[in-house]
Amino acid sequence: MSTMALPTYSLWSRDLKHFLRQRSRVVGAVGQPFVIWIFLAAGFRGSFSASGMDYGAWLFPGIILLIALFAAIFSTISIIEDRKSGFLQGVITSPATRASIIWSKMLSGTTIAIAQSLLFMILLPFTGIGLTAEGFALSFLMLTAASMMLTLLGFILAWNMSSTQGFHAIMNLLLIPMWLLSGAFFPTEGASGWMQTVMMLNPMYYITALFQQLFFLGSTITFPAGPAPWISVTVLAAVSILLYLYSLRIVRTS
Amino acid sequence: MLLVQNIAHTYAARRGAGTRALRGVSLTAAQGDVTAVVGSNGSGKTTLFRLLTGVLALQQGSITMHNASPRNARIGVVFQSPSLDPHLTAFENIRHHAMLYGLRLGRDDISAALLDRLGIADALDTRVSALSGGFQRRVELAKALLTKPELLVLDEPFTGLDVDARESFFSLLREVTVEHRLVTLLITHVLPLATRCDRVAVLEQGTLIADDAPARLLEDFGPTVVEITTPDPATLAAHLRTHGDRDLLHLREQTLLLRNTGLRDVASILDADHPLVQDIQARRPTLEDFFIARTGHAIARAEEELLAA
């Protein structure tokens, strides 16, 4: 226990201290999605129609997922910095289990993602969305699980990278399409046939569909039906387990 | 006691045979002693360090600490490059590090005597990025010591330190080793400091070529040696040999070393005005003399070492 729980707590709390002590990171994390949401919502307001909803309201859960996606994955960039600064070698030579490195990153990435998403929720009253307590609880539970999965994805990529610039480049190449093709930015039903096929190969599509359904749960808004919830949960669980097992393998063998 | 027996390590290559970094190395290090491991670049020092700290898995041989696996012992590690988090204070670094070892440390749990000894008591609340290199090294040592290690392994800890900071850090290291009955293994290029360790192990191309107390390693050199700087070492060596069987060593490009002798003895056959003599001096033998005598080359110094010197 002392080689797992306490080291995990140590590394998790250290990551949070880093985040809170970098004011520009906090401001950027909250400001960027706010700006994106305002501009997209205002820009597409007159040309968007889905379930009779305002585009700003429709896009709102998608922006929360965007926040979680970027926050979770970019939190793992600290692995590259820790390796460069020499901090990681101190962790590796300690009795802490290698799994504690994965868990600490998974928890810190998820904590930061959820905290940023909750901050963004301040804008909820301006959307006209009547979020229910049940919808809030279930959607954020779902968001927590999704953030863990996304942090694992970032962890694997960061563990094998030697430069933060390279990580940024690869992440932008991967993240933007993952989000654009998740159904968060535009409804799946309106997309062309091949695009729908591509979207269905994207795990974010299943996460987004379930998150949107849960977010509007119990409200007067009826969200377009996506894949069955059990399919989304299965995809999320399966991808998470695979990513975790692969993470464990790379930290134990490198 | 640390007992390293017949360890070997080969780094795998993508194609062909791998690189053999260590070949059947055995050495011992006793409690309360500082044992220096010296060698030029590529001698296998870093591989030995990685095997001792568990970064690399053993391929051959065994490493035991007090007759058990070192994994069961507490190991304090000080790295060549700093392993501190510059965004945290010195105390936060120490506390987080202790937690990696399963220890919860509050301020009161840290011995004031140890902090005073390390000279960092007043720097605990300072962010590491604001501390000098010497202070950062002391915080590293505090981190390593506060987990109450039995084995302390330091990899080139003097890198980047000026001469005074080196001296101060080395003295501190000797004191804490004796006081805490540590087995301390110091991997270093700095031969003058290695000479002052209790024991010196010399690695060359993955093989241990010497392992003894420094005084014993230098026994063959006698109490004094004579170093002669000359533009033509070969001719001068031949000239000296015409006056008897001299214990000569070609030390560097333009330097000859005569072992087991003094200035008076050499002056009888070679005065300071001799055309081949640019400089002549008697001095005590050093570990560097021993190293050159055994390997045929000077110890390669890391760039930082040269800058610091």
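Strands S1(B) and S2(B) run antiparallel and are joined by seven bridges. Strands here are DSSP runs of E with at least two residues, helices are runs of H or I with at least four residues, and both are numbered from the N terminus. Two strands count as paired if DSSP finds at least two bridges between them. This is a predicted model, in which local features need pLDDT of at least 70 and side-chain atom pairs count only at pLDDT 80 or more, while totals for chains, interfaces and linings use all residues; side-chain values use heavy atoms, without hydrogens and water. Residues are numbered from 1 along each chain as its sequence is written, and chains are lettered from A and ligands numbered from 1 in the order in which they are written.

Within S2(B), B:Val25 is the bridge partner of B:Ile7. Strand S1 (residues 2-11) of chain B also pairs with S4(B), in the antiparallel sense and over five bridges; there B:Val4 stands opposite B:Ile63. Axes are lines fitted to C-alpha atoms, for helices over the stretch in contact, and angles between N-to-C directions run from 0 to 180 degrees.

Contact means heavy atoms within 4.5 Å.

## The six-stranded sheet of chain B

An open sheet with mixed pairing contains six strands in the order S5-S6-S7-S3-S8-S9 (chain B). Its edges are strand S5 (75-78) and strand S9 (207-212) of chain B; each has a single partner strand, so one side of each is left without a neighbour in the sheet. Neighbouring strands are turned by 15° against each other on average, direction ignored. Strand S3 (residues 34-38) and strand S8 (residues 199-204) of chain B run parallel, joined by four bridges, and B:Val37 has B:Ala201 in S8(B) as its bridge partner.

H1(B) lies across S3, S5, S6, S7 and S8 of chain B, at about 150° to S7(B). Helix H4 (residues 133-146) of chain B touches S5 and S6 of chain B, and its direction makes about 170° with that of S5(B).

## The contact between chains B and A

Chain B contributes 22 residues to the contact and chain A contributes 23 residues. About 2000 Å² is buried between the chains, with carbon and sulfur atoms giving 58%. Buried area is the accessible area (1.4 Å probe) that two parts lose on being put together, summed over both. On the side of chain B, B:His96, B:Met99 and B:Leu100 lose the most area to chain A, together 30% of what that side buries.

Three salt bridges are counted between the chains, a salt bridge being a side-chain nitrogen of Lys or Arg within 4 Å of a carboxyl oxygen of Asp or Glu. B:Glu92 forms a salt bridge with A:Lys17, and their closest N and O atoms are 3.9 Å apart. Helix H2 (residues 90-100) of chain B gives the most to the side that touches chain A, with five residues.
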